[in-house]
Amino acid sequence: MRIEKGQVAVVTGGASGIGYGLAEELAARGVRLVIADIREDGLAAACEALRAAGAEVTAVVTDVSDAAAVGRLADRSMTAYGRVDLVCNNAGVVCPGAPMWQQDDHTWQRLIGVKLLGVVHGVRAFAPLLIEQGSGHFLNTASAGGLSPLPGRTPYAGTMHAVVGLTETLDVELKQVAPTLGATVVCPGLVDTPLGQNSAALGAIQLPTGSPSMRDLAPDGILSPREVAAAALLAVEADRVHTAPGTGVAARARTRVDALLADIEAEEKGRGPGPEAHGSHAAGGGRLR
Ligand SMILES: NC(=O)c1ccc[n+]([C@@H]2O[C@H](COP(=O)([O-])OP(=O)(O)OC[C@H]3O[C@@H](n4cnc5c(N)ncnc54)[C@H](O)[C@@H]3O)[C@@H](O)[C@H]2O)c1
């Protein structure tokens with residue numbers, strides 16, 4: 001999808017970090033904005049700053065884990081502008097660091113609610129509008145942790161792998177409706193945002209004083225939210241399904257895919273030639289591209 005002046009974009013988690021970077025980058029291209037966030041104060045401050053820079057912005061306090069609230073966000077967007085071209089399902093929190101067997105139910109429910117169902121709610125609320133219009137694109141924020149293992153953060157990694165997988169399938173489903181529809185997933189490495197502080201403010205983690213910042217965790221350099229936004233919008237314009245900005249992200253993804261293929265090939269060799277070894281799952285109609 002080409003991004004053009006006068007279009008309308010909805011950005012969840014738009015009060016801070018990557019969402020705010022997307023809003024800035026879109027506003028710089030003359031795109032009108034609907035910014036949604038659960039933190040009312042942060043949302044008001046972000047909108048004020050965007051307006052001061054000349055952007056046309058509508059703010060909607062929204063908890064993306066609440067399907068009805070995301071439905072109201074879609075209604076408000078249509079009332080404000082009468083159309084939506086780009087939906088950025090970006091809101092998120094991080095989970096506490098611990099091995100999988102120590103992550104509690106509450107953490108799993110929260111991460112699934114915000115980081116997975118938040119995206120699902122966005123797609124269910126907005127896809128009918130984009131389909132009716134005949135054009136539009138979803139930009140879902142996942143993470144490098146959705147492309148490779150992330151020890152100590154299984155609720156985060158699990159939901160981010162899910163967002164990568166559902167975006168791949170969503171893109172196929174949208175293209176079956178019309179080639180002018182599509183979906184992209186952005187999987188950044190470490191980005192210089194207050195994700196830890198905001199997650200602590202929302203009760204998702206505890207952040208003892210003196211905890212390292214994102215910058216401290218990335219001795220090899222860190223991406224700015226604007227850099228991630230620019231890479232993501234480039235991928236949207238190129239109609240690419242994946243974008244993975246950040247040092248080392250592509251290498252880690254390659255290692256995972258190579259390991260996956262090596263396991264499958266070893267299994268196929270062990271089974272010997274036969275229908276199973278020649279892609280029999282195609283009979284079920286579920287081939288990945
Ligand atoms: N910062 C990184 O290193 C990094 C790397 C890869 C992926 N991500 C992902 O990028 C996304 C944005 O994170 P960020 O780093 O910009 O952090 P951030 O804290 O700066 O921004 C996230 C925003 O989402 C909002 N939010 C949280 N829960 C919400 C809810 N239930 N409903 C609506 N809004 C909610 C927060 O209030 C915040 O403004 C997240 O999904 C995060 O997991 C971050």
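Trainee: Why does V119 count as buried?

Mentor: The relative accessibility of V119 is 4%, and buried means under 20% relative accessible area, exposed over 50% and partly exposed in between (1.4 Å probe, protein chains only), so V119 falls in the buried class. Please keep in mind that this is a predicted model, in which local features need pLDDT of at least 70 and side-chain atom pairs count only at pLDDT 80 or more, while totals for chains, interfaces and linings use all residues. Residues are numbered from 1 along each chain as its sequence is written, and side-chain values use heavy atoms, with hydrogens and water left out.

Trainee: Where does V119 lie, and which residues does V119 touch beyond those up to four places away in sequence?

Mentor: V119 is part of helix α4, a helix here being a DSSP run of H or I with at least four residues, a strand a run of E with at least two, both numbered from the N terminus. Leaving aside residues up to four places away in sequence, V119 touches N89, V114, N140, V163 and L166, where contact means heavy atoms within 4.5 Å. As for L139, its C-alpha is 9.7 Å from that of V119, and the two residues are 20 apart in sequence.

Trainee: What makes α4 and α5 roughly parallel to each other?

Mentor: The axes of α4 (residues 105–133) and α5 (residues 154–177) cross at roughly 15° and come within 9 Å; the axes are lines fitted to C-alpha atoms over the stretch in contact, with angles from 0 to 180 degrees between N-to-C directions. Angles under 35 degrees count as roughly parallel, over 145 as roughly antiparallel, 65 to 115 as roughly perpendicular and the rest as oblique, and the pair is therefore called roughly parallel. The contact is made by residues including W108, L111, V119 and I131 of α4 and Y156, M160, V163 and L170 of α5. Its residues divide into 16 nonpolar, three polar and one charged, with Ala, Val, Leu, Ile, Met, Phe, Trp, Tyr, Cys and Pro taken as nonpolar, Asp, Glu, Lys and Arg as charged, and the others, Gly among them, as polar.

Trainee: Which residues meet where α3 contacts α4?

Mentor: In α3 they are A67, V70, G71, L73, A74, S77 and M78, and in α4 they are H121, G122, A125, F126 and L129. By class, this contact holds eight nonpolar, four polar and no charged residues. The axes of α3 (residues 67–81) and α4 come within 8 Å and cross at roughly 35°.

Trainee: How many helices and strands does the protein chain have, and what share of its residues is buried?

Mentor: The protein chain has eight helices and seven strands, and buried residues make up 45% of its 289 residues. Of its contacts with a separation of 6 or more, 69% join residues 24 or more positions apart. Its C-alpha atoms fill a box of roughly 65 × 50 × 35 Å along the principal axes.
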